[in-house]
Amino acid sequence: MTTVLEVEGLEKHYGGITAVDGATFGIEEGSITGLIGPNGAGKTTTFNLISGFEEPDGGTVRFRGEDLQDLMEPSRDERVIWGGASAITAGTIGGIAGVAGLGLGTVGGLGTLAVGAGLGAGFYAGQERVRQAREGHTNSRPYMLAREGLVRTFQITRELTEMTVLENLMLAPQGQAGENLANTWLRRDLMEREEAEVREQAREMLELLELDHVSDERAGNLSGGQRKLLELGRVLMIEPEVILLDEPVAGVNPSLTRKLMDRIETLRDEGYTFCIVEHDMEVIMNLSDTIIVMSEGDVLVEGEPEAIQEDEAVIDAYLGVD
Amino acid sequence: MAVSDVVVSFALLVAIYGVLSLGLNVKFGHTGLLDFGHVGFFLVGAYTSALFVLPPDDPADFTNYVIGFGEIPLVGTWAFGIIVATILTGVIGGLVALPTIRLREDYLAITLLGISVIFQRVVQSESWLANGPDALRGYSPPFQGLFPIEPGTLVGAVAFSVVVFVVWAVATAALSLQRENDSRLPLDRIYAVTTFGLGTRAAGVLGSRFAVAGVAGLIAAVISAALLLAASLVLLVGALVSVYGWLVVLVAIGQHYADLDRRELALGVGFGTGLLVALLPLPIADRISVSIVGTLALLGALVYAYYHAITSYEWVADVKLTVVGLGAVWFVGIWYVLLPILGPLGSGSLSGVLGTLFRNVVWFLQFGSSAGIGYSIAVIGDVTVQLDYSRFQLALFLLSLGALYTVLEAAVQSPFGRVLRAIRNDEAVVKSLGKDPFVYKVQSMVIGSALGGFAGAMWAMYSQGLTFRTGAPETTFIALLIVFVGGVGNNKGVLLGAVLYWGFQQATTQLAGFFPPALRVNVLAFRLVVVGVLFLIVLYYMPDGLLGREEYSSGVGDS
Ligand SMILES: Nc1ncnc2c1ncn2[C@@H]1O[C@H](COP(=O)(O)OP(=O)(O)OP(=O)(O)O)[C@@H](O)[C@H]1O
Ligand SMILES: [Mg+2]
């Protein structure tokens, strides 16, 4: 088995508080890893760092052998926008300077405009080079990681409260043709065909999560447990490779919890990789192949569930004695 | 001015502000980007298009401006000017977005407001750019030279038929929608006639009812052009088109209020009549103090009665908006049909009554100006008719509004629109799902600003003269009011909001006519206060606007 996610010496400080303090661990492909530890141990912060929502103060994370920071460099769309804007701005200045300042005619003005535009685009490209070459520069573009197949859920659920439950799910799939503005006008047929598929997929997911009866309800009207389910369904709709789940079954009723655990195991057998933060010991011990225990921002121990339950240090710091 | 002319100028303003507010709705309603500087794009669009059609600047006179492509063929036309204005404002919107878009909502709003004020200041103080603080004039709206049309000429016939086309197509499309849920009237047969037999069968071949409506409009346009060229039948065609328009409007109103029971109807009519009665002191009382106090007292009584009714009777509360809507329809009907004939009725002239009625019914044509074709009609007497330029402009504006609305709806009723609405809800979710909010926000700013620029070009045509006041911040807030009243993020609601806002403006302008000239200015200024108060009431009682947020069938048809 290969290690799909390697975390090394990860650090994050908030003012005086050290939330993550040199955590080092690895996550095996096609496994379920449990991440446990006392409140405030730094589990959610670790997730934020791995999923790109926050920038680390030290350490590295590798996803399939590639540094996260490299994966999070600006997308092509973003580069086009900034480069284009620099070219337009500098070109306009060049053109005006040519005509009004240097007294050139239309042709000369077009010349200075082109020179200005070239300089503008060149300046943008140059400063991007310099920025990327700087030692230890960080990025925060979580969407780039999601596109690569590394997704997360939020511990405090975040749903699109004003949109329907169905729409919440239909937003998730990657690379929908209709997300491109030009396609909404020119490729309506393609868009509608895809949309029908996505809707079907979303309905299946709702059925699995037992949310089908509220599919047209606004997500803001859901109960706490239903929100957790929606959160889970949304990332599953992406069909990612590695899924970070932050307390996915907190507040979900026991029978549905069991069903979701079965589902997660099936997905694991199909090759998905999970890393799950969970305080429910029965769930996490039954589900996980490996357990990582965090305490005060660092990894305390790592091992199989049986060994962890016996571990003195873990019992002291987290599990307590019955 | 005939009442129909008032309605036409009202519709022109609705079209301009409709486009402007649709633009703001993309930014604010759909994406959540609060742009207090939306008017900046309106200003740039207006000036850009005007500068393109103006002739080259004459250094000898007192005006100064740049560009002036008016004499270059193609480049100096309105069509080209509008396209440039739209693209330019779109690009500027995108550029402005880049440094500001990461700001939180309120900071973003203030920054954009600042940028729009800079635009306005540049226009105002750079006298070489667009005549500085003085008005920019000297251009005329497109095709105005063709009017009043010459019936015997080809150009005149074509100009006339363009207007016929738009009115006929719009009315036919509306009729085809009404036909489906009304079995009491012989709408099917009327539809078959007005589509020239294309009717329902052609819908399959042509694709949709809108295509059928377009083809029917085309046929009607060709026929009327022929009638005009061969026989100068201006009045006949005008009357036919007018009657068709009325039919569709009346059926639409009838259908909208089809399920009313008798007491709701009575309440609505009572409300409208009450409004009329409340305004009666204005024309009747001689002393201005008496008329104002009387009107205000009666208005207060009406509002109190309404409030009392909706708070004490449950069935009234259920239909509270219906009552107001019905009352407004009743009131407008009386204003349009009954009030103009009161004068001739008083002097007992039957031909005067019929003549006024006739002029207002045949809204498609303008009567009584010096130029035009003379007709002699039984009882009514002699009339001169012509197709006024304002009708033609109305056709152009409605066509633009309809086209832009359709294009915009296609863009937001899609996964693209879904991402925009998701950004308004929670950006972090959008990011966690692999979509870059930045890219979408920039696109939203580009589309919204381009619509603002287009509306600016329409304004340049309508007003035929621009000053830096075109970019006054009030305009943004009017657009925002329109968005809020109709329904944030609801394009149909935005159109409704534009109708309501300009309806209010027109009504108060008419009312101000009853005041002595010295007071009139104060009355017109005071209505800003009234608008503000109404805005607060709407926000308080209906935070989602009259139509509310749109329920999206998650992109495309749910089937
Ligand atoms: N944005 C922030 N600003 C300041 N301090 C923070 C921030 N986020 C987390 N912390 C601190 O970092 C520490 C780790 O928090 P974290 O949320 O990672 O804990 P956790 O292990 O997920 O706990 P729990 O099991 O309760 O969810 C806490 O002491 C917390 O107060
Ligand atoms: Mg946590």
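Gln505(B) is buried, with a relative accessible area of 9% (buried means under 20%, exposed over 50% and partly exposed in between, with a 1.4 Å probe and protein chains only). The model is predicted, so local features need pLDDT of at least 70 and side-chain atom pairs count only at pLDDT 80 or more, whereas totals for chains, interfaces and linings use all residues. Residues are numbered from 1 along each chain as its sequence is written, chains are lettered from A and ligands numbered from 1 in the order in which they are written, and side-chain values use heavy atoms, with hydrogens and water left out.

Gln505(B) belongs to helix H22 (residues 491-512) of chain B; helices (H or I, at least four residues) and strands (E, at least two) are DSSP runs numbered from the N terminus. Apart from neighbours within four places in sequence, Gln505(B) is in contact with Arg527(B) and Val531(B), contact meaning heavy atoms within 4.5 Å.

Val531(B) also takes part in a helix pairing within chain B. Here the axes of H21 (residues 474-486) and H23 (residues 517-541) come within 10 Å and cross at roughly 35°. Axes are lines fitted to C-alpha atoms, for helices over the stretch in contact, and angles run from 0 to 180 degrees between N-to-C directions. H21(B) passes H23(B) in a left-handed crossing (the near helix is turned anticlockwise from the far one by less than a right angle; clockwise is right-handed). Leu481(B), Phe484(B) and Val485(B) of H21(B) meet Val531(B), Phe535(B), Val538(B) and Leu539(B) of H23(B). By class, this contact has seven nonpolar, no polar and no charged residues; Ala, Val, Leu, Ile, Met, Phe, Trp, Tyr, Cys and Pro count as nonpolar, Asp, Glu, Lys and Arg as charged, and the others, Gly among them, as polar.

Between the chains, the axes of H3(A) (residues 76-101) and H3(B) (residues 78-100) come within 11 Å and cross at roughly 115°. H3(A) is therefore roughly perpendicular to H3(B) (65 to 115 degrees; under 35 is roughly parallel, over 145 roughly antiparallel and the rest oblique). Ile81(A), Trp82(A), Ala85(A), Ile88(A) and Thr89(A) contact Val91(B), Leu95(B) and Leu98(B), a set of seven nonpolar, one polar and no charged residues.

Thr44(A) lies in helix H1 (residues 43-50) and Gln155(A) in the loop between strand S6 (150-152) and helix H6 (165-170), 111 residues apart. Thr44(A) is partly exposed at 26% relative accessibility, as is Gln155(A) at 31%.
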